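User: I'm new to this and would like a close look at one part of a protein model. Could you walk me through its charged pairs in plain words?

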Amino acid sequence: MFYLKYVLLEMTQEGQEGGCMPAAGEASWERSESWQVWISSLKEMGIQVLTRTMYLKNPTDVSRAEAVESEGSAWAETVELEAEGCGGQKKQACLWITDDAKRAWAYARKGLPVMGVLRERNSELQSFDGVPFLVSELTEVEPEYLEKVYRRQAGIPWEIARTKRCVIRETIPRDAKAFYEIYKDPAVKEFMEDLPKDADAFEAWLEDYAKHVYSLLEYGIWTICLKAEKDDKNMSDPMRKNADDSKDENVEDDLAVIGRAGLTVREGYDAPELGFVIGEPWRGQGYALEACEAILEYARGQELPEVIAFAEAGNTASVGLLRRLGFRETSEVILDGRMCRMFQKFLS
């Protein structure tokens, strides 16, 4: 099940008087077979598509941003949507898509999830600066990608992978409480840097990390959760919402946070570094191996050629895990004043 419920699509067309045509009409771009197939693919995933065409006298005849800043919401309110639609309070159920850069910028400034479309006539004349996502061939965009675009801007974490027992997802600020419990363990403190003492500052840092690092790199350090038992009955849809009775619409509340794992960039090294930590109650049960195998598979999907890892000589558990994952030891290095063993794994 997708979180995204509506796509509000605005496209420009030349040759008529300036103005807008609501969804009742049909512009030339809507009549193409590729568009019809694309819109049908969205409807199959439960996403409603509402369209309007903006007719321009010439390619540079675009609306002023200040004039359209509230227009989007007004347009949505004129269309009969359900209560959760963009005209209601739950406007996060919608993704705005437009090839008008100024409109895209205005919607982004209002905090509306938005994606810009680069077309031949606007790629040079208009700047989409400030618009977080851009595509050039909209009809080639999969519904799953639109769901990710919406989630990123709506503050809903992406799900990275599902294993037999775990869910690996992007970290959110409220995970901090579980992290502090995990990092209290002396065995964790022995080999890992402690978390900041200021919990509020750490939560703010996690929020900033999610906004910038995940978007920039398409990877990072993620949260490992125990998968709900009921989840086994439907693992085929990786983008679905799994807990209908969740207290929070954006995250599965009934999943226990058991650790962290993922890929990071270390200064002086080209390859991303694998890191992991599992809480004491779940240690020794294969969760780290399970999660790291899924992360390495994700890295292959991102076409990363290799991954490195470091472990202190005395951290026999991590050394053993890296070897089971197929890493080979290459050298010894000093990191943060500690002697570590460096490991490498080629993915291609």
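User: Which side chain does Arg103 meet in a salt bridge?

Analyst: Arg103 meets the side chain of Glu10, with 3.9 Å from N to O. A quick note before we dig in: this is a predicted model, where local features need pLDDT of at least 70, side-chain atom pairs count only at pLDDT 80 or more, and totals for chains, interfaces and linings use all residues. Residues are numbered from 1 along each chain as its sequence is written, and side-chain values use heavy atoms, with hydrogens and water left out.

Now, what is a salt bridge? Here the term stands for a side-chain nitrogen of Lys or Arg within 4 Å of a carboxyl oxygen of Asp or Glu. The general idea is that side chains of opposite charge can pair when their charged atoms come close.

Back to your pair. Arg103 sits in helix 4 (residues 101-109) and Glu10 in strand 1 (residues 6-14), so this bridge ties together parts that are 93 residues apart in sequence. Helices (H or I, at least four residues) and strands (E, at least two) are DSSP runs, numbered from the N terminus. Are the two partners buried or exposed? Arg103 counts as buried at 3% relative accessibility, and Glu10 is buried too, at 0%. Buried means under 20% relative accessible area, exposed means over 50%, and partly exposed is in between (1.4 Å probe, protein chains only).

Let's set that beside two other bridges. Glu147 pairs with Arg151, and their closest N and O atoms are 3.0 Å apart. Both of these residues belong to helix 5 (residues 143-154), four residues apart, which is about one turn of the helix. Glu147 is buried at 0% relative accessible area, and Arg151 is buried at 4%.

Then there's Glu290 with Arg165, whose side chains meet at 2.8 Å, N to O. This pair links distant parts of the chain, 125 residues apart: Glu290 is in helix 9 (residues 287-301), while Arg165 is in the loop between strand 7 (159-162) and strand 8 (166-170). Glu290 is buried, with 15% relative accessible area, whereas Arg165 is partly exposed at 27%.

In total, the structure holds 18 salt bridges.

Among contacts between residues at least 6 apart in sequence, 68% join residues at least 24 apart.

Leaving aside neighbours within four places in sequence, Thr330 is in contact with Met342, Phe343 and Gln344. The C-alpha atoms of Thr330 and Arg341 are separated by 7.7 Å, and these residues are 11 apart along the chain. Thr330 counts as partly exposed, at 34% relative accessibility.

Key. Contact means heavy atoms within 4.5 Å.
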